[in-house]
Structures are given as structure tokens and as C-alpha cells.
Amino acid sequence: MEECIINSPIGFTKISGNENGIQSITVLNSKESLTDIIPIILEDCVIQLKEYFDGSRKNFSLKLNPKGTDFQKQVWKLLEQIPCGKTLSYLELSKQLGDIKAIRAVANANSKNPLWIVVPCHRVIGSDGSLTGYAGGLHRKQWLLNHESPSKQQTLF
């Protein structure tokens, strides 16, 4: 397994993967040493993340290989279908799976997503529009949603 740590606007980001695909992208809560030489197998992921953060990329085209249960992978596939700049509720995801009662299981699978940003779990919100649960912290979820918003908030000064 190859790994690297890069800096991003939301914190130090660790990327892991191999020839089978990207296995995880996580934002760390501490300062880490940045990787001097990015492993070749992770270069495309690093480039696409930088393009996302600079605003020139809305969709990712990476080979992914997350570890999880079949149900989690099913939920993560649905997350990939949420367009940039849009949100969906946990309830709506449950309905897409065909089981409205699976809302807690959907929320749990969402929280276990190992591919932050690329599999956009930050685009899932509460039914009332509230920012609920985000393993990376609600401040990061808010930042990502603002970053993707088609109408950027303007400052007065």
C-alpha cells in the first residue's frame, strides 16, 4: 500500500492506495510531515484533489477500491451520484435504496466512508436541511459545501 500526505484548505490529507485503486482519503486533525515525493500510483489522485480545491474540477475520475461491507459500498455508490453543488438527505438516500427504515444504517455507512471528498459524504444533510454528522467535523463539511456552492457568498469588506 502506497501513502502520501498533502496539504489542503481543510487540513493535512492522507491518501492510501495501490494498483487496485485508491483505498482511502482522510483529512487529519493534526499537522503531519508532507510527502516529498508522491508515489506514482497516487499522483493522479493528488492532481485531481488539487484541481477540486482550486475550483477547476467538479467530478473525479479515479479508480477506487474502498474497504467496506456490501451495504456500505452500495451507499457509497449512491453518494458518488450526488452532483457537485447539490445535497441530499439521509432519508432520500434511504428511499433510493428502497428501504425508508434503513435511514440509520445509511447514516452509519455514510460515516464510515473512507474516501472523503471523492465520494462526497459531505453532501448528505438532515431532512430539515441541517448539517448533521461529519467525521471530519462540521466546520469542514460547511467549508466543502460553501466551496461547491454555485452562488458563492460575497463579503462586504
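Visitor: What separates the centres of domain 1 and domain 2?

Guide: In this predicted model, the centres lie 21 Å apart, taken over C-alpha atoms. Domain 1 spans 2-54 and domain 2 spans 70-148.

Visitor: How do you know that the two domains are in contact, and how many residues take part?

Guide: Contact means heavy atoms within 4.5 Å, and 13 residues from domain 1 and 11 residues from domain 2 take part. So the pair counts as touching by that cut-off.

Visitor: What makes up the area buried between them?

Guide: About 1,200 Å² is buried between domain 1 and domain 2, with 66% of it on carbon and sulfur atoms. On the domain 1 side, Ile-10, Ile-25 and Tyr-52 lose the most area, together 52% of what that side buries.

Visitor: Which elements give two or more residues to the domain 1 side?

Guide: Strand E3 (21-27) and helix H1 (40-53) do. E3 supplies the largest share, six residues.

Visitor: What classes of residue does that side hold?

Guide: Nine are nonpolar, four are polar and none is charged. Ile and Tyr both count as nonpolar, so Ile-10, Ile-25 and Tyr-52 belong to that class.

Conventions. Residues are numbered from 1 along each chain as its sequence is written. This is a predicted model: local features need pLDDT of at least 70, side-chain atom pairs count only at pLDDT 80 or more; totals for chains, interfaces and linings use all residues. Side-chain values use heavy atoms; hydrogens and water are left out. Domain bounds come from an automatic or database domain assignment. Buried area is the accessible area (1.4 Å probe) that two parts lose on being put together, summed over both. Helices (H or I, at least four residues) and strands (E, at least two) are DSSP runs, numbered from the N terminus.
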